[in-house]
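Hi everyone, thanks for making time this morning. I'd like to walk you through one structure, and you can follow along on the screen.

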Amino acid sequence: MIPILDWALLPLLVVLSSFVPGIWIMFLREDQHGLRTGLNMAGAIAKFVLVILMLQGVAMGLSYEWRIEVLPGIAFSLVGDGLALLFVTLSASLWLVTTVYAVGYLEGSPHRTRFFSFFSLCVTATTGLAMAGDLFTFVIFYEALTWATYPLIVHRGSPEAIRAGRLYLIYTLTAGTVLVVGAVALFAEAGTLDFVPGGALDPEAVAGAPVRYLVIFFLLLGGLAVKAALVPLHGWLPTAMVAPAPVSALLHAVAVVKAGAFGVVRLLHSIFGIELATEMGVAIVVAMGAGFTIIYGSVRALNQDDLKRRLAFSTVSQLSYVALGVALLLPASHIGGLVHLVHQGIMKITLFFCAGVLSEVLGVKRVSDMGGVGRRLPLTMGAFSIAALGMVGLPPMAGFISKWYLGIGGLGSDLPWVVPVLLASSLLNAAYFLPIVRTAWFDDRNSEWKDSGRGAFLEADWRLVLPAVTTALLALGCGLLAGSEWSPLGWTLLLVERGHL
Amino acid sequence: MSTLEFVLLLTPGLPGLLAVTWPLRRLRRALPRLAALAPLPALALALTPGAEGTALVLPAVFTGVHLALDAVGRAFLLLTAALWTAAAWYAERYHAQDARREAFFGFFLLTMAGNLGLVVAADILAFYLCFATMTFAAYGLVVHTRTGEALRAGRVYIVMAIIGEMGLLSGLFILGVASGGVPLFGLELEATWLLLGGGTEAVGGGMGGVAVLLLVLGFGVKAGLTPLHLWLPLAHPVAPTAASALLSGVMIKAGVLGWLRYLPTESAYPLLGTALMVIGVGAAFYGVVAGLAQGDAKTVLAYSSISQMGYVALGVGAILLDPGVAVLALAGVVFYVLHHGMAKGALFLSVGVAERLGTSQPKWSFLFIAALPALALAGAPFTGGARAKAVVKAVIEELGGTWYAVLDPLLLLAAAGTTLLMARFLVLLERRMGGHTDEGGALGLAVPWLAVSAVGLAASLWLPLAYVPPEALVLPPLRVGLAEAAGPVLLAGALAWLVWSAPERLGALTRFRVPAGDLVVLFEWAWSRTRRLPQEAFLSFGEDMVEKVRNVQRESHEYAAWLAERDLYLMRGPLLGALLLAFTLLVGALLL
């Protein structure tokens, strides 16, 4: 142990590692490219290293907590426990990759200082809420995330972007208010906001005031469901895809929607506890809402010709696998849900990276224009294909692992309808992903490519191609090596074993 | 890791490794020549005496992959590895001038990895992983020519494959829940079936029947079980010849292996067993009738496969019906698969040879050799086919009673039908022959083709003794049933010759044709019709709903915007400050 460093500070350092660069960048001049990129990369790498350190500690059985009392009974606390690390590791590693991608993607475009500043702040908020040790801290970062993301969504400044940004704010601010009200009510009623594995609430107290707790639950759920894009609160997400590709990638895979989904996990597992939630009959409501969202999102994705829009509806659908999984009683389903939190992130970020490469390099934005792009961009489309097949849930890609545990969990929890929902979703996923893959590889070129032809090293700028390839390999590796200790599945199994769920 | 274990690992590993080197340009160019080496570990493993019992666990891979070789697996591995080796050699020559050669071999190797892997997979998910890899990689083989016909076949293939996968996966979910994990084949799986059959007490109790049905159907798509065979007569003919041979020779057998591996052999499911047997007999005839009405040699072969898989379904149905006959029926099915795989492989390969046969090359000796596997399929005496049919007969004899009384004459009739079908194939093959100016083309292809023919013919005679599980040494000796075997072949042969020598005797019947893919055409027609009516109605309904929801959304947005504006207006300066202060005080008061 290094004496000057208190290990309990690790969670705080993880948050600061992107906060400091974020603030620093804000004061840079637009033309200070080198310093800006250096700060960004240094922050991303530092965060990654810190998270790996923490990961090892937690694997050895340690846990990290940093807290300061704000008000009596309310503390600002950052906790590095198993569940938090699942999410933090995801966001730290994907942030590193996305930073490289964003630097390449935005090269030569205006307002990069603003962009990268908020980019870092966005990740700060995400890691903060991932490690939030209680609902108070969670709410702070949840709101911060809303504000940090808005400038990214409207980055292009086009009327369309402004409109999407306004819609985003209307949805998320309303949701934030509802969440705050729910949190205040919870504190007033239960006197605690702490996250406790297995549930923080006393079942007897809940039984004493069932209606009040029911209202609290739905207030909190309502506040979280908007970011988790549960139908009918998903409207902002497909519109927000006007943002630049790296933002969409972060939005859909790491930050905003994941914050919502993770919030639902916390709500069901660390506040109410899944047994209590099932007893109250609210878990089944979440499960059914998620089931409906899974199907609805996929059906809507079917007839979207705009690639990014199709991917956005796919997010709506896939994200609800997480909510579905954690709302069921059986450990197998929790494993499926939590592991999908990671798997969906890795696969979806790959898809958005590829969509960005297509529009940036070839100017291809619509599915119907994608004929033959596989021959021009084999690495990119190879990555896309792996991620798309993973979304369908084909073995050995990561998506299959999630589906397997969810199916087992659904059937075992005496909710056999989960299986048809999963199968229908797989079929629909196949119906809207496989034609893209087929068109890209087997059809002839059918549109004008702008083909700026930059980058002699690879098929396009390496900063765009390599991130996509990396995450695609991760998506493959998470499935192919799922049995290993360090895979997301291995980590989740460890959590279950230790009783963290 | 012992040598055998290492070879076991290389069985799927080597083709898989070669397939993933595809992005490296230099290696990719060498793939066509390396492909024939890829199945060699598998072949070596299958030929090593005493290799049964070799097992390997890879806990970190996927959900913990278990590989093992047992007697049934060894028989399947021999067939699979042998045919893949020959087909790889054949394909290297066949695609020598093909511009898309490299893409072909990429898919080829990936399909091979899946196919060889599933034979040695020992747990249900490892099998499923390999099975899916094979299925989806083979799409690239089916659509290789990129013609409209090939793309249509590919579409039907992939849609049916996905439906099959879904059935399979739901069956696996039930097995997984009942066993609380990923059961291994054999004892663990049987125990799971006992739980599932056991009614109420266990998780998933009473779902045994559903699981059996789902698995039968899920693998049935791959095995070409009527009426799930629709993709087969479309995909097998359009694929390049080497791939056709593999599709019909070994890949549909993966479905059969799935049945043998997953389905219970100790719990009886009489209803499903009976249904499968009836479907099997029906398919044996249906394949013949629909096949006779085809105008293309490869399509005839595809329908013959459907017919032959009917016999296999019969055997599998018998296992479900009465676990008492399981040992004999298992041996029968394994033997049938070996015999049919090699013979059908040789027949498909002969089509490619025929196409490239030069004008001066010996037509009649070629036809004579090509006819040998056809005779074997028809069950002529002294061939593996005769023996295979004798085993099937032994199984139904064991079942006894009505089954024997009804099935015995029916199977004789079906054997005559197969002979006719083979005669039809030879006629069409003869029409495809010759006219090629490049004399070397056929020679290159002839070696692997002759090898498959020879090995197939020879192997069917001694294979059952060496490769079928020891319990199954009860196989009838070769001479038994000689007269019975000769009967239908001679009868049908005479009939075929009569028709061939003077086709006008059949009159209008000669013009009777069934479109390849039979029912698929109906579905496509129905789809193109129904698309208009309900879909349009559904879409407009959907659009209406979306519009309504949008209106509500828009109104609420406007309301929110209105509210926000008022809000901002109200909340300027002192008012905002006062409100904030009040809010803080309120929160403070609440907290205290």
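Let me start with burial: of the 592 residues in chain B, 54% are buried, where buried means under 20% relative accessible area, exposed means over 50%, and partly exposed is in between, with a 1.4 Å probe and protein chains only. Before I go on, some bookkeeping: this is a predicted model, so local features need pLDDT of at least 70 and side-chain atom pairs count only at pLDDT 80 or more, while totals for chains, interfaces and linings use all residues. Residues are numbered from 1 along each chain as its sequence is written, chains are lettered from A and ligands numbered from 1 in the order in which they are written, and side-chain values use heavy atoms, with hydrogens and water left out.

Back to chain B. It has 21 helices and two strands; these are DSSP runs numbered from the N terminus, with helices being H or I of at least four residues and strands being E of at least two. Among contacts in chain B with a separation of 6 or more, 81% are between residues 24 or more positions apart, a contact being heavy atoms within 4.5 Å. The accessible surface of chain B is about 24400 Å², and carbon and sulfur atoms hold 71% of it; that is Shrake-Rupley with a 1.4 Å probe, and for residues only the protein chains shown count as cover.

Now the interface. The size of an interface is often given as the accessible area lost when the parts come together. Chains A and B bury about 3000 Å² between them, 82% of it on carbon and sulfur atoms; that buried area is the accessible area, with a 1.4 Å probe, that two parts lose on being put together, summed over both. On the chain A side, the elements giving two or more residues are helix H6 (159-190), helix H18 (398-412), helix H19 (418-442) and helix H20 (462-480). That side of chain A divides into 24 nonpolar, seven polar and three charged residues, counting Ala, Val, Leu, Ile, Met, Phe, Trp, Tyr, Cys and Pro as nonpolar, Asp, Glu, Lys and Arg as charged, and the others, Gly among them, as polar. In contact terms, 34 residues of chain A meet 34 residues of chain B.

How many salt bridges cross the interface of chain A and chain B? The rule finds zero, a salt bridge being a side-chain nitrogen of Lys or Arg within 4 Å of a carboxyl oxygen of Asp or Glu.

Over all chains, though, the count is 16 salt bridges. One of them pairs Glu102(B) with Arg28(B), with the closest N and O atoms 3.4 Å apart. Glu102(B) sits in helix H5 (residues 101-120) and Arg28(B) in helix H2 (residues 25-34) of chain B, so this pair ties together parts 74 residues apart in sequence. Arg28(B) is buried at 14%, whereas Glu102(B) is partly exposed at 23%.

Another joins Glu355(B) and Arg432(B), at 2.2 Å from N to O. Here helix H14 (residues 326-355) holds Glu355(B) and helix H17 (residues 401-432) holds Arg432(B), both in chain B, so the parts tied together are 77 residues apart in sequence.

Last stop: is Gln294(B) buried or exposed? Gln294(B) is buried, at 4% relative accessible area, in the loop between helix H12 (270-292) and helix H13 (297-321) of chain B. Beyond four places in sequence, its contacts include Tyr303(B), Arg424(B) and Pro515(B).
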